[in-house]
Amino acid sequence: MAESWIQHALRRTGWRPQRQVASLTVLGMIVAVFVGALYLSQASSTSTLGRQLNELIEERDRIQQENEALRAEIAGYRTVERLLRRAQELGFVQAAANQIQYLVVDGYNPGRAVTVVELQAVENVLPDYDESFVGWVQQGWDWLTEQVESFTNQGAG
Amino acid sequence: MQATGTLNQQETIRRRLPVIIAFLVVVSSVMILRLASFQLALPPEVQSYLESLRDAGYRRTLELAADRGVVYDRNGEPMAVNTLDYMVGISPNLISEPRRTAQQLASALGLNELEVFESITSDEPWVQLAARVPASVRQQLNQMDIVGLTMTPIPRRSYPQGPLAAHIIGFVGGDLRGYYGVEGYYQDQLAGQIREREISRIPFDLPEITQIGHGRDVVLTIDRDIQFLAESELLRAIQESGATQGTILIMNPRDGEILAMANYPTFDPNAYFNITDENALRNPAVSDQYEPGSVMKVITVAAALDRNAITPDWTYNDQGALNIAGITVRNWNRQAAGVVDVTRMLVDSLNVGAASVAQQMGREAFYQEFDDFGFGRTTGIDLEGEASGAMPVPGDPTWSEANFITSSFGQGIAVTPLQMLTAVSAIANDGLMMQPHVVRQFINGDEVINAQPSALGRPISAEAADAVTQMMVAVVNSGLDNAASLPGYTIAGKTGTAEIPTAIGTYEANASITTFVGFLPADDPQVAILIKLDRPRDYWASQVTAPVFRRLVERLVILMEIPTDDIRLLLASQGGSVNGIQR
């Protein structure tokens, strides 16, 4: 019985399984290199970010410390002794008790009760954007609805 | 034969092989199980040990101290802030032009040029040039752009107002811990928490973002301007009177807020390390106790009025001396005043009168009332080192009947200046005694915590307080203490001249502690003041402290915007009031 083409192919290509293995190995290596490169790229980018973050943290701390130092310097310039000296240099003199005049305005009561009018609460038309996908869709939808409503109102007007 | 041998060998191998395989399987299984047991179920102490070994390799923990809270006065002026000093060092092997660099550094750091040159040409990998330099020098060094120069920040507590209110604020030591004053009392609140930050050596680990906590800020009840005024007047009084020590206390009798607390001698918290005598760091206003003398007469009279032992019209016959409890009580001028009422007794500061009032009151009531005024125990002020004073009571080994009599005019009883002012403030505040305090608010980020005024008790009734106030006004207007009066203002006050006891129970000759205590405006007190000067050249308080009080009040009414009585009453008639404290 004549052998089929498959049997023929299998019999004649004793070398083929080796080539397949080699191909698969090379393919595997390429994939591994690709994954490795991807990992390295990601890791180095993370590392760079980490370093930048560290630098920013250091910068923040330095600025905070400088702020404190400046505050101390300003406080040093505002001491009573210094202010008095400066005022004297500018020609100011301390007032005596009999040089102070208190004004009494008829009917004016400085100790009156202070009434604070409460702010009118503004109704929040749109819900707060919650920074999620659903929130984003909701925001878009709300904006669209608002546009349609304003257009309809204009038409009605 | 050979074939048989080979067969035997194969047979032997076939027999032994399962044994060897079984052995290897068992060994492998044991190793695998052991490995698994290491990975899965380790005893906790072993696990933590191994983890610490692992972490030591690529992690380290950094301790971050929180910034200390800032201390402000009541108007927001910073009294204690955080700043940085810098330690300056250099790596000699990175210096290319040592001569020029030495010249630059020596001029910026104020060092000897030759020494700097030797340092930067040494073989050491790193040399320290200056242990601490301020930020201004650091800025100067930065501009020089010297490669290899390092400047390591060192935190430092700074007191921009210098010695102002030093005893109230205290200081922070080199160990970053607060000592004395508010810095010591509120150490936990001001210091904040020390946090730990994990630092990884693995470059792929993202750093942990730690917001370093900040200690709570503290807002004092002290008014910086009033404090400056009190300290200036105290210094002037010390120089003019020749006193060795002194205190001025200014308090709001309505809520117990201390507006100023000045002491002499004082110190500079920026240079606390220069102080050789540790006693100089103690706050005499709360720590020193002394015999107050005649200022105590107002308390005796207030107590007697409260107990209805006497009325404001009560009179007695003053013969200049009173033999009682085995001692002879004499008036300061050794003269008899005749028949006098209580007001006159206070105006002329008669010891015989005070002793008679105490006698009228009775021992039990006297001590009960004095206890209500808080003598013999601390006021609970939020400052370190408060003393309780000393009031011997019946039953104490140091007590005698004579003690009861002399306490009525302020001898044989020891008080702190703060105790005395707190007691007199009760008279100013319609009989309600408020707890003195120096902290008004704590600020923790967005959270503000207000200190609520609290009452220590009501030692006397409002009626008794009002009656004593009228008498104290008479003392200032027409008595020995007239030098304390200020035109346009009604002031209630009383002086006290106390002898100074020695270690052997006698009193020092020609040495006194002079006190003036008073409040104003008498009908609506906004401020109560105590002035104390130790060992002045002149003996009597009416000569020494009463004029100081007047001078102080003259400026104080301007600072606190307290108008003269006529203007104030005119405002009050319209329903208003002037309260300069809340300006």
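The model is predicted, with local features needing pLDDT of at least 70 and side-chain atom pairs counting only at pLDDT 80 or more, while totals for chains, interfaces and linings use all residues. Residues are numbered from 1 along each chain as its sequence is written, and chains are lettered from A in the order in which they are written.

**Confidence**
- The model comes with an ipTM of 0.72 and a pTM of 0.77.
- Chain B has a mean pLDDT of 88, with 93% of its residues at 70 or more; pLDDT is the predictor's confidence in each residue, from 0 to 100.

**Overall form**
- Along the principal axes, the C-alpha atoms of chain B fill a box of roughly 155 × 70 × 60 Å.
- Chain B contains 19 helices and 22 strands, which are DSSP runs numbered from the N terminus (helices H or I, at least four residues; strands E, at least two).

**Domains**
- Chain B splits into domain 1 (2–62), domain 2 (64–199 + 214–220) and domain 3 (230–278 + 285–440 + 456–582), with bounds from an automatic or database domain assignment.
- In chain B, 19 residues of domain 2 are in contact with 16 residues of domain 3 (contact: C-beta atoms, placed from the backbone, within 7 Å).
- On the domain 2 side of that contact, α6 (166–169), α7 (181–185) and β9 (217–220) of chain B each supply at least two residues.

**Helix α3 of chain B**
- The twelve residues of α3(B) (98–109) should span 16 Å at 1.5 Å a residue, and the end C-alpha atoms are 16 Å apart, which agrees (expected span: 1.5 Å times one less than the number of residues).
- The buried residues of α3(B) are B:Thr101, B:Ala102, B:Leu105 and B:Ala108 (buried: 20 or more other C-beta atoms within 10 Å of its own; exposed: 12 or fewer; partly exposed in between; C-beta atoms placed from the backbone).
- Those buried residues fall within an arc of 140° seen down the axis of α3(B), so they line one face of the helix (the arc is that of directions from the helix axis to the C-beta atoms).
- Exposed B:Arg99 and B:Arg100 sit on the face of α3(B) turned away from its buried side.
- The cover over the buried residues of α3(B) includes α4 (113–120), β4 (127–133) and α5 (135–144) of chain B.
- After α3(B) comes B:Gly110, with a positive phi near 70°.

Notes:
Two residues are in contact if their C-beta atoms, placed from the backbone, lie within 7 Å.
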